[in-house]
Amino acid sequence: SRVLITGANGYIAMWIIRTLLEQGYSVRGVVRSLEKATKLKQHFSSYGDKLELIIIEDMMKASARYDGAFDDAVKDVDAIEHTASPVTLSAVEPDDYIKPALQGTLSVLKSALHFGKKVKRIVITSSSAAIHRVITQPTHIFDETQWGDEAIEIVQEKGRDAPPMMKYKASKTLAEKAAWDFYNQHKNEVQWDLVVLHPPFVLGPSLQEVKTPESLNVSLEIFYNMLTQPNKSDEELKATYNFVDVRDVSKAHVEVLKNEKAAGERIILANGASTWQDTRNYIHSLRPDLYASGVLPRGNSDLDNPVLYIYNPEKGKKLLGLEYISKNEMIGDLLADFEARG
Ligand code: NDP
């Protein structure tokens, strides 16, 4: 069967495409430029015609003839994986985050409503950001019943002065809410259902062409900076994050296509929690050489830095039978990937 994937050149999407192709699916990827299409085609050249790439420059713009930007793209596909969304912390206006996230998601759904005659399932890559709220005391457990409304309120209140992470969280929350609203309004008219996946911080090796740390995708860039920058404050080093390996995220995106029971579910994909200082301590235990030689700064190894929150992955494990890659393997492979790229 054939799967449409948006944001095909992204860090997570490239792994999803690889997993789909390995499992014999045909893939139609959407990118924003010919240059990106050409690169991607080259990367997956061994799969020949199994990967088709199409260019949609602006996923918010309906075409002159049709309703949504994806009206042609959704034809003849059996499933859709919608991953495209602004993943950045450098934009200023809330709408730079929210508009593409929200309109892009609605564009996909509108096109699927009118033209996705064969579509059985739409999978949206949301984020733990659409669940999270600020936690100050250990230890809160997030699950799929919770929502990122706090970020929406903060962005409404502070506008462009809200922290970039809040704007990103608001964009993911608003996009997901709009998706469920749209689905609930139209579910009697469509033969597809909706599943939404929620990874926290995604780590692990990249298939993207990355020549400098600045060209890493945002989660890898933050990880890289938190490990390599010597001037991090205790406050920053104490921050909690939850993680999942990109290869598990891609596997889940493919497993979910085969699983009837996942219909209508929000599903967390998470494999553990840490703080940045803990991560430094952990890598120190794996690779003391990197610290002895001064390549990586040690930070404050005595810091009291309890994990403040975790994402409960039990629902996804049960539904999708996921067995997660160990933290040891994830960090080891990521370090090897960084080292291989210099
Ligand atoms: P990347 O930045 O590597 O990929 C993002 C993709 O979205 C790119 O293909 C990008 O296209 C596309 N995109 C961004 N803005 C637009 C826009 N305005 N119009 C059309 N396409 C756009 O990020 P990731 O692979 O990390 O993220 C993929 C998805 O996973 C996102 O939805 C993100 O929110 C979600 N996610 C990521 C996490 C992480 O830790 N990485 C954690 C949780 C969720 P282009 O290259 O042309 O800009």
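**Note on the predicted model**

1. H3 and H5 are roughly parallel to each other, as angles under 35 degrees count as roughly parallel. Their packing angle is about 20°, and the axes lie 8 Å apart; axes are lines fitted to C-alpha atoms over the stretch in contact, with angles running from 0 to 180 degrees between N-to-C directions. The crossing of H3 and H5 is right-handed, that is, the near helix is turned clockwise from the far one by less than a right angle. H5 covers residues 164–186; helices (H or I, at least four residues) and strands (E, at least two) are DSSP runs, numbered from the N terminus.

2. This is a predicted model, in which local features need pLDDT of at least 70 and side-chain atom pairs count only at pLDDT 80 or more, whereas totals for chains, interfaces and linings use all residues. Residues are numbered from 1 along each chain as its sequence is written.

3. Strands S2 (residues 26–31) and S3 (residues 51–55) pair in the parallel sense through 5 bridges; pairing requires at least two DSSP bridges. Val-30 has Ile-54 in S3 as its bridge partner. From S2 the chain passes through helix H2 (residues 34–43) to S3 in a right-handed β-α-β crossover, meaning that the path runs clockwise with the strands pointing away from the viewer.

4. The ligand is surrounded by 24 residues, the closest being Gly-7, Gly-10, Pro-100, Ser-127 and Ser-219; a residue is counted if its C-beta atom, placed from the backbone, lies within 6 Å. H1 (11–22), H3 (94–115) and S8 (201–203) each supply at least two shell residues, with the largest share, 3 residues, coming from H1.

Terms used:
Parallel < 35°, antiparallel > 145°, perpendicular 65-115°, else oblique.
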